[in-house]
Amino acid sequence: TGAKLDPAERPKIRWKGGEESSRTLAMAGEAGGGRPRDWLSMDETAAAFLSRSLSTRPPILLPPPLHRAPLRPGNVVEIAGPSGSGKSQLLLMSAVQCILPKEWEGVYFGGLGKAVMYIDLDCRFDVLRLAQILRKRIAACYGSVHPTNENFVTDGSKDKFHSFESTLFSDCMKRFLYVRCYNSSELVAALKSLKSQSEARSEVFGIGVYFLMLDSIGAFYWIDRALQPTRESKGKTLSFQSITETVVQEIHKFLQLQPILVLVTKAPIYGEGITTSNDFQRGSLKHMSEDSTALRYPKREEERNGSCREYMPSAWQTFVTHRIKLQDLAQEAGFFSEQENEMLSVHTCEWVQPSLNSKEKFYIKDDGVGLIQ
């Protein structure tokens with residue numbers, strides 16, 4: 001009521017509050033069967049805590065060029081880059097690393113032996129490319145232990161290898177779960193079923209989903225943006241932002257139940273006034289004029305350095321823990337691979353979050369990705 005308290009009464013009020021707090025602590029101690037401040041006592045050393053944390057969430061070592069920053073289950077890695085920069089190739093390399101076992105019949109592969117859920121939003125997943133990378137890895141690791149000789153065919157080693165490869169290949173592909181979505185509603189439905197899918201895999205194969213891959217997160221951006229905001233049954237406005245928030249919530253719910261590594265690709269949207277070279281190849285009539293000599297399209301250098309604006313909502317931006325930027329150096333001289341016996345295009349990989357202040361050049365070959373030293 002605005003009345004001032006008598007200074008003599010203030011200590012009494014504090015004393016009463018202290019008495020009530022002590023009484024509350026005493027009641028809590030009696031309910032817990034111990035002293036009220038037992039929870040303050042030390043029950044674990046720092047060394048024991050680190051050992052327990054590393055055992056429950058061990059560091060994940062991915063193939064180059066994703067090996068620079070330490071990754072753990074619970075991290076969300078965003079791989080951004082234009083078309084042809086190698087985003088999907090890095091996902092396939094990581095998927096093979098996950099589904100391969102650490103060791104199989106005396107052959108060391110260095111894999112994780114876990115399951116992968118690959119959600120294809122671009123509808124451009126190439127299962128033959130996945131099979132090619134997997135078979136190449138199996139052959140390379142097998143050859144390091146059982147080198148071929150002149151009697152490779154006559155002594156039955158070839159048949160033995162084919163039996164070894166087919167069995168291991170089938171076992172690895174059982175750990176690869178593929179989902180194709182054609183719109184954002186199907187994406188949300190797939191994420192809602194992630195828990196049940198992981199439990200089903202765990203019951204059948206004894207392992208749950210360890211990697212979640214989305215290729216790519218902005219595939220339905222223009223479709224969702226063109227739709228008029230509508231009202232759902234609960235009165236919530238359905239828009240691109242609300243759909244993205246729902247996607248983040250569903251992934252976050254699963255991360256709380258089962259820590260996994262989330263790898264997501266994202267294609268850029270260039271700033272206003274930037275026209276990509278792909279726009280010219282599509283032959284859009286609105287960009288053409290009567291004087292063909294007056295047409296001026298930015299070169300690849302200008303396209304690469306163009307202002308790529310962030311189009312994902314803030315809910316997604318704060319959800320991502322690691323960011324990687326890929327670029328395609330098609331305008332530069334390629335890299336000649338003696339193994340492939342051909343000239344291969346060069347790409348760059350830069351860690352933006354955390355910032356490592358370095359760019360690595362790599363090329364894509366039959367068995368995955370190779371670094372250029």
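Rings of Phe, Tyr and Trp, the last represented by its six-membered ring, are taken to pair if their centres lie within 6.5 Å. In this predicted model, a search of the whole structure on that basis finds 13 aromatic pairs. One of them joins Tyr210 and Phe211, whose rings are stacked, with 5.7 Å from centre to centre and 15 degrees between the planes. Both Tyr210 and Phe211 are buried. The pair formed by Tyr221 and Trp222 is edge-to-face, because the planes stand at 70 degrees, with the ring centres 4.9 Å apart; planes over 60 degrees apart fall in that class. Tyr221 has a relative accessibility of 6% and therefore counts as buried, whereas Trp222 is exposed, its relative accessible area being 53%. Elsewhere, ring pairs connect Phe109, Tyr142, Phe161 and Phe164 in a cluster.

Aromatic rings also take part in contacts with charged side chains. Arg135 is placed over the face of Phe169, 3.9 Å from the ring centre. The charged end of Lys266 lies over the ring of Tyr311, at 5.7 Å from its centre.

By residue class, the lining of the largest cavity consists of 10 nonpolar, 3 polar and 1 charged.

Notes
Residues numbered from 1 in each chain as written. Predicted model: local features only at pLDDT ≥ 70, side-chain atom pairs only at ≥ 80, totals over all residues. Heavy atoms only, no water. Phe/Tyr/Trp six-rings, centres within 6.5 Å; stacked < 30°, edge-to-face > 60°. Buried < 20%, exposed > 50% of the residue type's maximum accessible area, 1.4 Å probe, protein only. Lys NZ or Arg CZ within 6 Å of the ring centre and 35° of its normal. Nonpolar A, V, L, I, M, F, W, Y, C, P; charged D, E, K, R; others polar.
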